[in-house]
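This report describes selected local features of one model. The sequence and coordinates come first, followed by the description.

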Amino acid sequence: MPTTPIYMDHHATTPVEPRVLAAMLPFFTEVFGNAASKDHEFGYQASHAVEQARAQVAALVGARPDEIIFTSGATESDNLALFGVAERYADRGDHIITCVTEHKAILDAAKRLEAQGRRVSYLGVDQYGQIDLDELRAAITPQTVLISIMAANNEIGTLAPLAAIGQIARDHGVLFHTDATQAAGYVPLDVQQMQIDLLSLSAHKMYGPKGVGALYVRRSGPRVRVAPQIYGGGHERGMRSGTLNVPGIVGLGAAAEIARREMKQQAAQLRARTAQLFAGLQQRIAGVALNGHPSERLPHNLNIYIPGVESRAFIAGLKDLAVATGSACTSASVEPSHVISALGFGEERAHRSLRFGLGRSNDAAQVDAAIAIVARRAAELRAMIAAA
Ligand SMILES: Cc1ncc(COP(=O)(O)O)c(C=O)c1O
């Protein structure tokens, strides 16, 4: 029996992997220089490490190192992309297009743009969580400056047809941003082939540290510019001021390098484990259904609907398994997931869904144990409902 609790919430965050931590450690104590202080060896060494990390992150997405801007995480990258493009291209237009199932880092930034008088179109999704490309084409106007569509959904794992969206954006002379926070390191990304102009990613979803991320900003064909949202010393080519988080950036670089080298093998393993989990749950619990796309999905995501099993009740008191519900508690109420609600099955399903995010440490024995835990808990809850 594997030790518990079993962690299956890797979409929320991942542990820092030992090789990443080992790469970071010297930069807290020995090599502590400010990467902008290049008058001496301390600063030079820090700067050298940052540039190495920039190249490692660039390689993960097919970019050039000088197209990578380091940030405090994907929330900041998303905000910089939306606000930065809206501001910089204000003379070209005031309209952006995004999607109802985006992360709040996009949706709340988009709401802020609307409050400032810009116009935002929110595309709906089909039952699998994908946008309709004809609807996207139809939404583009001469005032559209940006399309922002996430690469992979953080709840249901559905992948977007990035290359097709990139082509549509390019055909219409509109910039294309993708929030690749959940996709980076798990599925191949190539900003050239997919014609992506801006891309957000975060270290802590791929076994790097929390509080560090990056925004890719295309430098040629076309040259993209974003208006800075943080002013100061002109770091990161003036797009994001502030003393660089050198240990964090080194960690992001190391995580990106490992993810790139091991992606194929890791993805195959994760895909096998999520298939094992889904098959086991279907076998043990009547009526279990998949949320999201059956094939166009992240290798480590499984989001399921369990009829009759309310997800908040499911996790209440559940100590031996860490999974996420499809709902978020606000101070006043339990809000159903905006993602599952958008799939068109009704709110009931959004309250009865569980998200599993598998990781490198989840072996076959842990998956079997998780199946048993979920099946037992679902049976208990169903029995309680039947007795009531
Ligand atoms: C799709 C997506 N975008 C953005 C974020 C925010 O990332 P960070 O925690 O690095 O700010 C997350 C994290 O939950 C995410 O899943």
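## Backbone and packing features

Gln195 sits in the loop between strand 6 (175-179) and strand 7 (198-202); helices (H or I, at least four residues) and strands (E, at least two) are DSSP runs, numbered from the N terminus. The model is predicted, so local features need pLDDT of at least 70 and side-chain atom pairs count only at pLDDT 80 or more, whereas totals for chains, interfaces and linings use all residues. Residues are numbered from 1 along each chain as its sequence is written, and side-chain values use heavy atoms, with hydrogens and water left out.

Gln195 has a positive phi, near 55 degrees, although it is not glycine. Its relative accessible area is 16%, so Gln195 is buried (buried means under 20% relative accessible area, exposed over 50%, partly exposed in between, with a 1.4 Å probe and protein chains only). Tyr207, in the loop between strand 7 and strand 8, is another residue other than glycine with a positive phi, near 70 degrees. Tyr207 counts as buried because its relative accessibility is 5%.

Gln56 belongs to helix 3 (residues 41-61) and is buried, at 13% relative accessibility. Beyond its neighbours within four places in sequence, Gln56 is in contact (heavy atoms within 4.5 Å) with Gly253, Ala254, Ala256 and Glu257.

## Helix pairs

Helix 8 (residues 246-284) packs against helix 12 (residues 364-387) at an angle of about 30 degrees, and their axes are 9 Å apart. Axes are lines fitted to C-alpha atoms, for helices over the stretch in contact, and angles run from 0 to 180 degrees between N-to-C directions. Helix 8 and helix 12 are therefore roughly parallel; angles under 35 degrees count as roughly parallel, over 145 as roughly antiparallel, 65 to 115 as roughly perpendicular and the rest as oblique. On the helix 8 side, Arg273, Gln276, Leu277, Gly280, Leu281 and Arg284 take part; they meet residues of helix 12 including Ala364, Val367, Asp368 and Ile371. The residues of this contact comprise nine nonpolar, two polar and three charged. Here Ala, Val, Leu, Ile, Met, Phe, Trp, Tyr, Cys and Pro count as nonpolar, Asp, Glu, Lys and Arg as charged, and the others, Gly among them, as polar.

Helix 4 (residues 74-88) and helix 5 (residues 104-115) also pack at about 30 degrees, with axes 9 Å apart. This makes helix 4 roughly parallel to helix 5. Thr75, Asp78, Asn79, Leu82, Phe83 and Ala86 of helix 4 meet Ala105, Ile106, Ala109, Ala110, Arg112 and Leu113 of helix 5. By class, eight residues of the contact between helix 4 and helix 5 are nonpolar, two polar and two charged.

An open sheet is formed by four strands in the order 9-10-15-12, with antiparallel pairing. Strand 9 (289-290) and strand 12 (324-325) are the edge strands, each pairing on one side only; two strands pair if DSSP finds at least two bridges between them. Strand 12 pairs with strand 15 (residues 353-357) in the antiparallel sense over two bridges, and Ala324 has Arg355 in strand 15 as its bridge partner. Helix 8 lies across strand 9, strand 10 (301-305) and strand 15, at about 15 degrees to strand 10.
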